[in-house]
Amino acid sequence: DDHTFSTAPFSGSDRCIPFHMSETVGSFLKTKLCNMARWVQEEVGKENLTIDPVKFAQNRSELEVVMLAQIIASKPALIANRDWLALVKLLKHEEVPESWAHAFACLLHAVKAREDLHAKFWRYMELFRDVYNKSNE
């Protein structure tokens with residue numbers, strides 16, 4: 001069974017992340033991944049993307065999204081340094097299926113090309129890291 005949290009929020013860096021009794025870490029992270037995908041698609045334009053980011057996110061299992069968060073959390077310097085190349089290399093990790101590592105890399109490249117999207121994108125990476133870390137305390 002996935003981790004289930006009370007309605008009490010927990011703090012991660014400068015944010016408070018509320019969980020509800022019925023929401024699992026995987027469910028919460030999948031919702032956030034879908035939100036990020038919709039945001040990128042709206043900002044960049046579906047016609048400018050080589051993948052359908054919303055479909056990609058929706059097709060991920062909760063376990064896959066938790067695994068992605070775990071991989072991101074395993075390299076805290078990557079987020080602190082806003083290291084795009086290290087993030088792409090990290091996604092070539094043996095546990096990440098090549099098809100969705102490629103899809104996520106396409107998403108990264110689209111965001112990287114738009115400097116106005118960088119801060120929000122890295123906040124999403126921080127969120128994935130923080131939620132994963134807090135769920136394992």
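Start with helix 6 (residues 98-112) and helix 7 (residues 118-135), which pack at an angle of about 145°, with axes 9 Å apart. Helices here are DSSP runs of H or I with at least four residues, strands are runs of E with at least two, and both are numbered from the N terminus. An axis is a line fitted to C-alpha atoms, for helices over the stretch in contact, and angles run from 0 to 180 degrees between N-to-C directions. The crossing of helix 6 and helix 7 is left-handed; that is, the near helix is turned anticlockwise from the far one by less than a right angle.

This is a predicted model: local features need pLDDT of at least 70, side-chain atom pairs count only at pLDDT 80 or more, and totals for chains, interfaces and linings use all residues. Residues are numbered from 1 along each chain as its sequence is written, and side-chain values use heavy atoms, without hydrogens and water.

Which residues of helix 6 meet helix 7? They are Phe-104, Leu-108, Val-111 and Lys-112, and they meet His-118, Phe-121 and Met-125 in helix 7. Contact means heavy atoms within 4.5 Å. By class, this contact has 5 nonpolar, 1 polar and 1 charged residues. Ala, Val, Leu, Ile, Met, Phe, Trp, Tyr, Cys and Pro count as nonpolar, Asp, Glu, Lys and Arg as charged, and the others, Gly among them, as polar.

Now look at helix 1. Helix 1 and helix 7 pack at an angle of about 175°, with axes 11 Å apart. That makes helix 1 roughly antiparallel to helix 7, a label for angles over 145 degrees. Residues of helix 1 in this contact include Phe-28, Leu-29 and Trp-39, and those of helix 7 include Tyr-124, Phe-128 and Ser-135. The contact has 12 nonpolar, 2 polar and 2 charged residues.

Next comes a single residue. Thr-24 sits in the loop between strand 2 (15-17) and helix 1 (25-44). Is Thr-24 buried or exposed? Thr-24 counts as buried because its relative accessibility is 14%; the cut-off is under 20% relative accessible area, with a 1.4 Å probe and protein chains only. The side chain of Thr-24 reaches the backbone nitrogen of Ser-27 at 3.0 Å. Thr-24 and Ser-135 are 111 residues apart in sequence, yet 9.7 Å apart in space, C-alpha to C-alpha.

Finally, step back. The protein chain has 7 helices and 2 strands. Of its 137 residues, 49% count as buried.

Definitions and conventions. Buried means under 20% relative accessible area, exposed over 50%, partly exposed in between (1.4 Å probe, protein chains only). A polar contact is a pair of N or O atoms within 3.5 Å; within protein, one must be able to donate a hydrogen and the other to accept it, and residues adjacent in sequence count only if both atoms are side-chain atoms. Angles under 35 degrees count as roughly parallel, over 145 as roughly antiparallel, 65 to 115 as roughly perpendicular and the rest as oblique.
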